[in-house]
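My notes follow in the order I made them.

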Amino acid sequence: MDYKDSLNLPQTDFPMKANLSQKEPEMLKMWEEMHIYEKIREVSKGRKVYILHDGPPYANGNIHLGTALNKVIKDMVIKAKNMAGFDSIFVPGWDCHGLPIEHQVDKELGEGRHSMSQAEKRRFCRRYAEKYVDIQREQFKRLGVFGDWENPYLTMAYDYEATTVEELGKLFLAGSVYKGKKPVYWCASCKTALAEAEVEYADHSTPSIYVKFPMVSDISPVRPKLKGEKISVVVWTTTPWTIPANLAIALHPEFCYVAVKVAGEVLIIAKELMERCLAAFGYGDKVCEVLDEFSGAAVEGLRCRHPLIDRESILILAPFVVLDTGTGCVHIAPGHGQEDYEIGMKYGLPNYAPVDDDGNFTSDVPDFYGQFVFAANAGIAKKLGEAGALLGSAEVVHSYPHCWRCKNPIIFRSTEQWFISMEKNDLREKALRAIDSVEWIPAWGRDRIYGMIENRPDWCISRQRSWGVPITMFYCDHCGNEFLTEEILAHVVELVGQHGADVWFEKEPQDLMPAGQVCPVCRKNKFYKETNILDVWFDSGVSHAAVLEKRPELRSPADMYLEGSDQHRGWFHSSLLESVGTRKRAPYKSVLTHGFVVDGEGKKMSKSLGNVIDSQEIIEQYGAEILRLWVAAEDYTDDIRISEEILKRLVEAYRRIRNTSRYLLGNLYDFDCKSDMVSYDSMEGIDKWALYRLEEIVRRVREAYDRYQFHLAFYTLYNYCTVDLSALYLDVLKDRLYTSKAESKERRSAQSAMHTILDAMVRLLAPILTFTAEEIWAALPAYEGKEKSVHLTTFPEVNQQYINPELAESWKTMIAIRSEIARAVEIARKNKVLGHPLDASVDISPPEDLRSFLEAHREDMRALSIVSQLNIVEMDGISEPYRSGEFEGLVIGVTKARGQKCNRCWIYSESVGADTEHPAICGRCLQTLRAT
Ligand SMILES: [Zn+2]
Ligand SMILES: [Zn+2]
Ligand SMILES: [Zn+2]
């Protein structure tokens, strides 16, 4: 007779196979139809507000793994905060202006762009950005990211542009903005200044040359030993094209310099570098004589002659001179370098840069007029050679700044630009102070941004392009004075709010200001307007004003900004400066950073290496859920690896969580929460233990979420599923669940625990496994107050009732003894004493301190060990004993179980065969059958 039908085997429609890539779109549709984001807002109403302010991705191209990673981390923060009992609002945003879009539009327009007005071109740029906002929005939604997707913020929205104009105006009226000539990073192919964040370093090969500058001052008053000698100071440079702009040579005040006589002339170089230099000049085997030694300070103010141009070059002192390369005498071109500019200011040197917007020499350098600077390198070296000033040259490969957009090497060039001063109104000092009012996660973020703010030059905010917010400044046609008043600013802000920033490009200056304006200096009334636009980092840097302060559901400062760690230089940085400059405080209370996506070997992903993994491909192949799981499972504070192998491992982990959930669901098919729930006090011991473990998990997972440590949350849940549940609790429960009467208290006790566990687990999983948690939730037996979506619930609270340390201690001991029994059974199986563990009868001789404990828990111990019989005996009753290494004095014997195997429950019993109607089953099963 087959007794299978009399067992309560698991039943469920919850599929084993996840089929994520097909099922996820259906679930997204369901969420959309139920307006999940608005529903979450409704249930969260009145709770403490938590604002994670979205850093706007650039509206260009598809999203990639890095953008996906960032958005998923944000989504996990938002979901975890909502479920922890906050009202956590998410307004996504996009950065829409700037060079990359303008570039793409230029490319698409081709030659046609030249016959187009600025306003017309801006319309193309706007359409381009709109297209990618739509594309990226769908891609972000596909990841299961919840937010106010229908009302995002766009930096090109009219009201946003108006705020940008207004914020710049505030800084200008406060005296923080000035126009000045300064060396800036300049991309000659994009024809614009670049922000530091727009510069990338890459290897670049340039000629390096040693150049002699003959001394024209009489050195003998300070160095009498050198009287009558022909002396030159030698410099070294890797940018020969800056030689025409040389105005000085810097020496270190304290380094020791030598005047060395070789081949009939005297050269001044640093003593420490002498041998290396002479070898580089080809003088390695020449006789040389050191005539004099002196510190750099000794020759300050002496003059040399420029080798190519009729001009002097002055010897100055600078602390930044180093002795790792070159000659210890540094070529200074104040118009072509930041340090050069600063030291030049100190010595009153002009900010000279004879190079135009295209990177070509101006007529100031007649020999190279119209030549592109990099192309002129060779010609300059040649000319120096002809002048007898070239001592040596070689090609060097060094790390050199490149344009982030066109990837071309850039130059440092002095131009007229608009700046936000770091010193006026103490912006630097205030920003540094504000940094310490912010929580930086991880903590090194604080030092990183502090160092950057401490050392950065003034913020160059002007760009010579079309697609952006204009710098709304007016100039007097008559006297050239630049001006903006509070009244004019308010007028412009209103116009921009109504018509967008395009209005600046379309209207005449007079039509952009209130009637009757005159130049504050000369009282004339003819004007022209500024044509530069703003750095896009200023755009996004005002989002705290344009979004957090303007939208009624939000507030400033935000609780958190969360971006990749490159944003210490970018958005965190510009937002901090703008907010401190206008509001004297940081726009955020905490800043969380994550690392970057790298391949399985830790290498940066790049097209040229061919190791790029596409987020869309992962979604198609595995589902967005696996991508989310990857984000959660990796420690994002470091660089985040991804490879096929990592994904396969995660798929396996996902399967185990899914199957554990499926098993729990399968055993709840006939469970009615209302009538079948067993109270805690009436539960079986091991069920109480499982709930105790659950509370530990709830506490640890919630702590992990509170600290944004998603990988800890995930692994805690994963280990609970695989170790506590699958390998132990659920394995032990099988007999009770399957063979007991369906409605028996024993089975209902197990089901009550299982329901409580799954109900808690699914909510703890929801921020990470957004789709699967919803699927499990739908399959979980209903109860009063059960929400329609798991995302409308909150995390389980720690239930103090389940925390029973005494019980936990007992079970801990039994579980440890269980492992010892399993070892003994395994040995018996190897020795062919028995086949299946259920064939075993186990005799235990415990140490004295455990004897009464085990006698009291004999049946629990048997069930836990999944053997047929378990007896507490004296040691001498055991033949072939297994002596425990874990418990001193614990001895275990394993023999074949007495009686016969029951056909229904597979447990051996002497009662099998006693009944004539059902001779193949045991007394316990018989009772169950008879009672049904
Ligand atoms: Zn460029
Ligand atoms: Zn004027
Ligand atoms: Zn049985």
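I count a contact when heavy atoms lie within 4.5 Å. Helices (H or I, at least four residues) and strands (E, at least two) are DSSP runs, numbered from the N terminus. This is a predicted model, where local features need pLDDT of at least 70, side-chain atom pairs count only at pLDDT 80 or more, and totals for chains, interfaces and linings use all residues. Residues are numbered from 1 along each chain as its sequence is written, chains are lettered from A and ligands numbered from 1 in the order in which they are written, and side-chain values use heavy atoms, with hydrogens and water left out.

**Entry 1: H25 and H26**

I looked up which residues of H25 meet H26. Ser-810, Thr-813, Met-814 and Ile-817 in H25 touch Leu-850, Phe-853 and Leu-854 in H26. I sorted this contact by residue type and got five nonpolar, two polar and no charged. For that sorting, Ala, Val, Leu, Ile, Met, Phe, Trp, Tyr, Cys and Pro are nonpolar, Asp, Glu, Lys and Arg are charged, and the others, Gly among them, are polar.

Next came the geometry. Two packed helices are described by the angle between their axes and the distance between the axes. Axes are lines fitted to C-alpha atoms, for helices over the stretch in contact, and angles run from 0 to 180 degrees between N-to-C directions. H25 (residues 805-830) and H26 (residues 848-856) pack at about 100 degrees, with their axes 12 Å apart. That makes H25 roughly perpendicular to H26. The classes are under 35 degrees for roughly parallel, over 145 for roughly antiparallel, 65 to 115 for roughly perpendicular, and oblique for the rest.

**Entry 2: H3 and H18**

Helix H3 (residues 65-83) packs on helix H18 (residues 624-633) at an angle of about 75 degrees, and the axes are 10 Å apart. H3 and H18 are therefore roughly perpendicular. On the H3 side I noted eight names: Leu-65, Ala-68, Leu-69, Val-72, Ile-73, Asp-75, Met-76 and Lys-79. They meet Leu-627, Arg-628, Trp-630, Val-631 and Ala-632 in H18. The contact of H3 with H18 divides into 10 nonpolar, no polar and three charged residues.

**Entry 3: The cores**

I needed two terms here. Buried means under 20% relative accessible area, exposed over 50%, and partly exposed in between (1.4 Å probe, protein chains only). A nonpolar core is a set of buried Ala, Val, Leu, Ile, Met, Phe, Trp, Tyr and Cys residues joined through side-chain atoms within 4.5 Å.

How many residues are in the largest nonpolar core? It has 222. Those with the most contacts inside it are Leu-143, Leu-576, Tyr-588, Leu-627, Trp-630, Tyr-729 and Val-842. Helix H22 (residues 710-739) gives the most to this core, with 15 residues. A second, separate core has 74 residues, including Phe-213 and Leu-315.

I followed up Leu-627. Beyond residues up to four places away in sequence, Leu-627 touches Leu-65, Ala-68, Val-72, Leu-143, Ser-615, Ile-618 and Ile-619.

Helix H28 (residues 923-931) has Cys-925, Leu-926 and Thr-928 as its buried residues. Seen down the axis of H28, they fall within an arc of 160 degrees, so they line one face of the helix. The arc is that of the directions from the helix axis to the C-beta atoms. These buried residues of H28 pack against H22.

Ser-740 lies in the loop between H22 and helix H23 (745-765). Ser-740 is buried, at 14% relative accessibility. Its contacts, leaving aside neighbours within four places in sequence, are Asn-8, Asp-735, Glu-746, Arg-747 and Thr-928.

Most residues other than glycine have a negative phi, and most peptide bonds are trans. I listed some exceptions.

- Ile-441 and Pro-442 are joined by a cis peptide bond, with omega about -10 degrees.
- Ser-556 and Pro-557 are also joined by a cis peptide bond, with omega about 0 degrees.
- Lys-191 has a positive phi of about 55 degrees and is partly exposed at 39% relative accessible area.
- Arg-523 has a positive phi near 65 degrees and is exposed at 56% relative accessibility.
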